[in-house]
Amino acid sequence: MLTSIAGRSVIVTGSSKGIGKGMARVFASKGARVLVVARDQAAAQKCADELKAAGGQAAAVSADVTKWADMQRMADAAVKQHGGIDVLCANAGIFPAAKLADMEPETWDEVLATNLKGMFLSIKACLPAMKQKKKGRIIITSSITGPITGLPGWTAYGASKAGQLGFLHTAAIELAPHNITINAVMPGNVMTEGLEGLGAEYLKKMTDSVPLRKLGAVEDIGHAALFFASDEAGYITGQTLVIDGGQVLPESLTAIEEMGT
Ligand code: NAP
């Protein structure tokens with residue numbers, strides 16, 4: 001049982017749906033005050049309303065992680081509405097698929113601008129409020145794709161997710177004197193609204209490569225983020241946690257076939 005985080009101010013970027021929404025739900029269910037962030041104002045507000053309807057405390061702000069002014073406005077909103085910033089989940093990300101030879105240079109720029117620069121801007125914007133409190137917790141949503149595995153069509157995505165971990169190691173050293181920890185969750189294949197449309201056959205193929213024989217739930221990632229945000233994780237910084245049902249473990253097709261027996 002972790003020490004309560006009730007009343008703490010938590011920002012989750014990219015939380016109108018998917019993993020971010022799962023994180024927001026987990027934090028709100030533990031009594032945190034959650035700021036839901038996405039570009040689509042109506043979708044962000046809908047998520048905040050759902051959290052409140054379930055008994056949580058939440059507010060919404062429309063902001064684009066690629067825009068510095070938006071990230072400053074997001075941090076200001078958390079300070080004004082929730083009394084500061086205790087936790088930032090830098091989660092917003094995009095994953096347009098394009099094979100290397102076909103990828104438009106603009107696609108590369110868009111992925112890096114959102115997943116890597118957007119993560120940096122969201123973190124930079126929250127630092128003054130965390131330094132004022134003399135403590136803070138930052139949780140980056142990276143991925144197994146890039147740092148550990150490869151998937152055709154996702155070179156830009158993989159580069160952005162591995163880049164986040166390069167950022168993590170130095171950021172952890174820079175932020176340590178301020179009692180701010182920064183860690184990363186590395187999800188495997190997680191069941192989100194976006195995956196639901198890919199069809200039963202595609203989902204079965206994905207599930208069959210996971211030793212635990214199921215896709216991750218968004219709350220699985222939320223609970224890992226909650227751990228990094230907890231008082232008990234206060235001595236952990238610059239680290240990663242893979243949450244993938246064992247997906248990265250099979251070393252060969254034989255191992256995957258053995259899983260079926
Ligand atoms: P998702 O369902 O597509 O949700 C993405 C969220 O990010 C939405 O709320 C979206 O809202 C927001 N967003 C996108 N671009 C944004 C921007 N420029 N500024 C602010 N918000 C933005 O995605 P997901 O699958 O949950 O993925 C979330 C994170 O988990 C990403 O970093 C992804 O790389 C990582 N991840 C996902 C999986 C998986 O299996 N799903 C696995 C490993 C890692 P708006 O469009 O309204 O802005």
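This briefing looks at the ligand and the pocket around it. The model is predicted, so local features need pLDDT of at least 70, side-chain atom pairs count only at pLDDT 80 or more, and totals for chains, interfaces and linings use all residues. Residues are numbered from 1 along each chain as its sequence is written, and side-chain values use heavy atoms, leaving out hydrogens and water.

**Where the ligand sits**
- The ligand takes up the space of the largest pocket; a molecule counts as sitting in a pocket if more than half of its atoms lie within 2 Å of its grid points.
- A pocket here is an open set of points on a 1 Å grid over the protein atoms alone, where a 1.4 Å probe fits, with protein on both sides within 12 Å along at least five of seven lines; lining residues have an atom within 4 Å of a point.

**Residues around the ligand**
- The ligand is surrounded by 28 residues, with Ser 16, Ile 19, Arg 39, Asn 91 and Tyr 157 the closest; a residue counts if one of its heavy atoms lies within 4 Å.

**Polar contacts** (pairs of N or O atoms within 3.5 Å)
- The side chain of Arg 39 places an N or O atom 2.8 Å from a ligand oxygen.
- A nitrogen atom of the ligand is 2.9 Å from a backbone N or O atom of Val 65.
- For Gly 188, a polar backbone atom lies 3.4 Å from an oxygen atom of the ligand.
- On its own the ligand has 890 Å² of accessible area, of which the protein covers 91%; areas come from the Shrake-Rupley method with a 1.4 Å probe.

- Among the 47 lining residues, Gly 93, Ile 94, Phe 95, Tyr 157 and Thr 192 are closest to the centre.

Key: Polar contact = N/O pair within 3.5 Å; in protein donor to acceptor, adjacent residues only side chain to side chain.
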